[in-house]
There are 2 protein chains.
Amino acid sequence: MKKPYFEMTRREMSLERERLESRFEYMKNLGLSLDMSRGKPSKEQLKLSQGMMDVLNSESELVDETGADCRNYGILGGIPEAKRLMGEMSEVKPENMLIFGNSSLNVMFDMVSRSFTHGVCENDPWMHQENVKFLCPVPGYDRHFRITEYFGIDMINVPMSETGPDMDMVEDLVSKDPTIKGIWCVPKYSNPQGYTYSEETVKRFAALEPAADDFRIYWDNAYSIHHLYDDPEKQDYLPEILEECEKAGHPDLAYKFISTSKVSFPGSGIAAVASSKTNLSDIKRHMRVQTIGHDKVNQLRHVRYFKDINGMRAHMSKMAGILRPKFEMIYEMFDRKLGGLGIATWTTPHGGYFISFDGLEGTAKAIVAMAADAGVKLTPAGATFPYGIDWRDTNIRIAPSYPDMEELHTATEIFTICVRLVTLNKLLRG
Amino acid sequence: MKKPYFEMTRREMSLERERLESRFEYMKNLGLSLDMSRGKPSKEQLKLSQGMMDVLNSESELVDETGADCRNYGILGGIPEAKRLMGEMSEVKPENMLIFGNSSLNVMFDMVSRSFTHGVCENDPWMHQENVKFLCPVPGYDRHFRITEYFGIDMINVPMSETGPDMDMVEDLVSKDPTIKGIWCVPKYSNPQGYTYSEETVKRFAALEPAADDFRIYWDNAYSIHHLYDDPEKQDYLPEILEECEKAGHPDLAYKFISTSKVSFPGSGIAAVASSKTNLSDIKRHMRVQTIGHDKVNQLRHVRYFKDINGMRAHMSKMAGILRPKFEMIYEMFDRKLGGLGIATWTTPHGGYFISFDGLEGTAKAIVAMAADAGVKLTPAGATFPYGIDWRDTNIRIAPSYPDMEELHTATEIFTICVRLVTLNKLLRG
């Protein structure tokens with residue numbers, strides 16, 4: 001059993017620090033350059049989709065199932081078979097799907113941008129309303145927060161727990177304040193914790209009675225089929241939000257976003273929105289001015305490669321085979337190097353792309369800086385909070401996917417050394 | 001020699017009408033369904049790019065020339081070789097290029113949207129300025145006008161001539177009125193006339209001294225290499241606008257848009273913006289929030305297929321081989337069926353996708369409606385003007401590309417019958 005730092009004498013701490021400093025110096029002198037900053041698939045993962053490059057060739061009939069030419073202009077909302085495939089991935093009917101280009105982030109940006117300049121459905125544009133606000137479960141996804149920040153939308157932090165955002169707070173705020181127009185959610189294998197909203201949370205979301213008619217739930221189901229384990233017992237379950245909203249009598253309450261960015265190629269996937277027909281036709285009103293249509297050949301490529309949700313699931317099981325050892329290695333090393341010291345907590349998700357790490361208050365920035373010094377690039381501390389401000393300075397997002405196992409092993413060891421050193425520095429100073 | 005309608009007696013006109021009516025009835029009973037409404041490439045043209053589906057396969061190294069992985073996230077502005085290829089197509093250096101997704105229309109929409117919500121460079125967002133206006137050379141491209149209309153931007157018609165927009169008017173308005181923020185231009189083989197701006201016009205554009213710091217020329221060079229003839233004598237020449245702006249001391253005055261939509265596949269091409277470094281970094285400030293990057297595998301596919309501008313030119317010469325007979329057939333039939341009647345004028349461009357037709361005042365809508373009645377779908381009359389309003393009701397855009405030769409022949413005959421019948425109806429009524 002390791003001795004918690006809080007129970008150590010100053011002398012014990014000093015000795016521990018000396019020992020770690022010499023190990024840190026050794027690691028630093030290796031001159032590493034490792035990137036754990038973003039949820040970027042590794043080369044090994046990308047290779048799994050390489051076969052996608054073979055499904056279409058010059059002999060292929062590039063027509064959709066209705067015979068429409070995928071090479072030409074048109075078919076604004078996507079080809080029927082892509083709606084079906086992405087619908088299966090979303091657990092939603094094809095008629096509730098719109099297919100977009102390669103980036104669901106771009107779709108979310110456009111959604112906020114459109115609501116800002118032209119309003120949601122028949123409501124006033126946000127630009128003509130005072131003090132528009134969004135709820136932001138924290139820690140959360142930095143790119144979500146940057147979109148709302150970019151449009152000058154005030155962001156209110158809502159604490160996350162293992163079951164999802166604090167729903168008492170969400171209900172209270174959303175039902176009372178008509179300036180609250182949305183909430184950013186990553187409901188399954190959340191970014192960065194890897195938490196999945198509980199059934200109760202999802203039902204409470206669907207039952208929301210917003211003060212604002214133009215309030216929507218921005219349900220970014222980025223990791224819907226991104227399990228780390230094949231065993232169904234170890235796969236998180238998330239009720240389908242649109243169905244729950246429908247049942248609760250609020251069919252237009254949510255926009256659901258998905259993409260194949262972490263299924264096929266991150267730069268060349270397809271993105272989609274699932275929502276009620278009312279919301280989709282509102283979206284199309286804007287889309288029709290913006291473009292003649294998205295890349296349908298790429299839609300066809302995805303459908304012909306994966307065929308259906310079973311094809312996707314089989315593919316994702318191979319992905320899991322690559323990712324799982326990385327996550328497990330980190331769980332194991334965190335446990336071994338940090339467990340029992342009383343200085344850190346971390347999540348151990350069964351899917352998604354991230355682990356959320358919390359150190360003692362006031363340590364996150366220093367840990368990230370020290371790791372950078374040894375060649376390990378982490379997501380900047382604070383990035384998981386709106387405006388980049390983590391007041392307690394505890395949270396760090398760990399992204400295990402990109403480095404190979406050996407690199408990741410080294411990077412994780414360096415990280416744990418940094419955590420311990422920064423904490424010891426703080427304790428010895430304090 | 002045909003007798004002009006204005007010189008006919010009422011009896012002659014009635015006889016002519018009877019004869020045409022019986023021909024029209026015959027054509028109508030054929031039960032045709034022909035589409036001449038949009039500048040949509042034909043299947044035959046699309047086939048020319050089918051080989052593009054073979055350049056990448058599962059054995060391909062999907063990396064750019066710096067070794068960066070095109071499959072993964074990142075490289076916001078496009079891969080270097082795509083900047084070079086699209087730069088050659090734009091006659092602009094790679095460092096002045098940004099590469100986007102499959103739609104230059106989407107890029108233009110985003111440009112207006114960004115200027116509206118966040119402003120051009122350091123200027124106030126248009127949404128905080130009163131009465132923002134755009135100049136619209138008419139007849140022009142309906143989708144341009146719809147973007148500015150969508151954002152509530154007032155549009156001022158500027159008459160087009162064979163040398164481009166009325167530059168006296170443009171200079172006068174732009175230099176005096178700080179609420180004028182842009183002008184929509186299709187400078188080469190214009191939509192719908194097929195006119196190319198003269199050297200003098202381009203130089204006068206570059207020399208503009210706008211009252212508004214955030215005025216920009218929206219230079220949609222959609223048909224830059226879209227000649228109908230291989231003979232250089234029959235190819236229109238357009239000076240390069242960014243170079244002219246630079247020479248005139250206004251390096252930031254223009255945004256140039258191009259795409260491969262009518263080079264490779266309309267739905268699956270790549271789009272680009274060429275502009276000054278100042279403008280490009282302003283654009284990227286927005287883009288960075290909107291997306292992690294566009295489809296780089298498709299960029300790679302285009303570069304590996306065309307290789308360079310010579311590859312593109314050879315390809316476009318084959319395109320011309322398909323389009324030229326269509327345009328020439330129409331020129332010939334218009335000449336034969338409408339020439340000398342004194343009831344219509346039309347353009348005879350050497351490139352691009354359209355012919356601009358003008359009937360007598362008050363006939364365009366009726367001609368389009370009558371053609372629809374016989375199964376020929378034309379661009380709605382008025383579409384070539386802001387708000388869809390052609391006060392004189394004369395202009396119709398003819399799009400020869402989509403139907404095959406036989407269909408086009410029939411459609412064109414029907415069109416000429418409709419022109420003559422509608423005109424006779426008008427003259428006999430009047």
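α4 (104–118), α5 (142–150), β8 (254–259) and β12 (376–378) of chain B each give at least two residues to the lining of the largest pocket. Helices here are DSSP runs of H or I with at least four residues, strands are E runs with at least two, and both are numbered from the N terminus. Keep in mind that this is a predicted model, where local features need pLDDT of at least 70, side-chain atom pairs count only at pLDDT 80 or more, and totals for chains, interfaces and linings use all residues. Residues are numbered from 1 along each chain as its sequence is written, chains are lettered from A in the order in which they are written, and side-chain values use heavy atoms, without hydrogens or water.

**The largest pocket**
- A pocket is an open set of points on a 1 Å grid over the protein atoms alone, where a 1.4 Å probe fits, with protein on both sides within 12 Å along at least five of seven lines; lining residues have an atom within 4 Å of a point.
- This one has a volume of about 650 Å³, counted as the space filled by probe spheres set on the points.
- Of its 37 lining residues, Tyr73(A), Ile292(A), Arg38(B), Tyr141(B) and Arg143(B) lie nearest the centre.
- α4(B) brings the largest share of the lining, 3 residues.

**The second largest pocket**
- Its volume is about 480 Å³.
- Its lining takes in 31 residues, and Tyr141(A), Ser261(A), Lys262(A), Tyr73(B) and Ile292(B) lie nearest its centre.
- α4 (104–118) and β8 (254–259) of chain A are the elements that give two or more residues to this lining.

**How the two chains pair up**

**Two loop residues in chain B**
- Ala399(B) sits in the loop between β13 (395–398) and α13 (405–429), and it is buried (under 20% relative accessible area, 1.4 Å probe, protein chains only) at 0%.
- The C-alpha atoms of Ala399(B) and Phe354(B) are 4.9 Å apart, although 45 residues separate them along the chain.
- Ser224(B), in the loop between β7 (216–220) and α8 (241–247), is buried too, at 5% relative accessible area.
- Beyond four places in sequence, Ser224(B) is in contact (heavy atoms within 4.5 Å) with Met89(B) and Lys188(B).

Methods: Buried means under 20% relative accessible area, exposed over 50%, partly exposed in between (1.4 Å probe, protein chains only).
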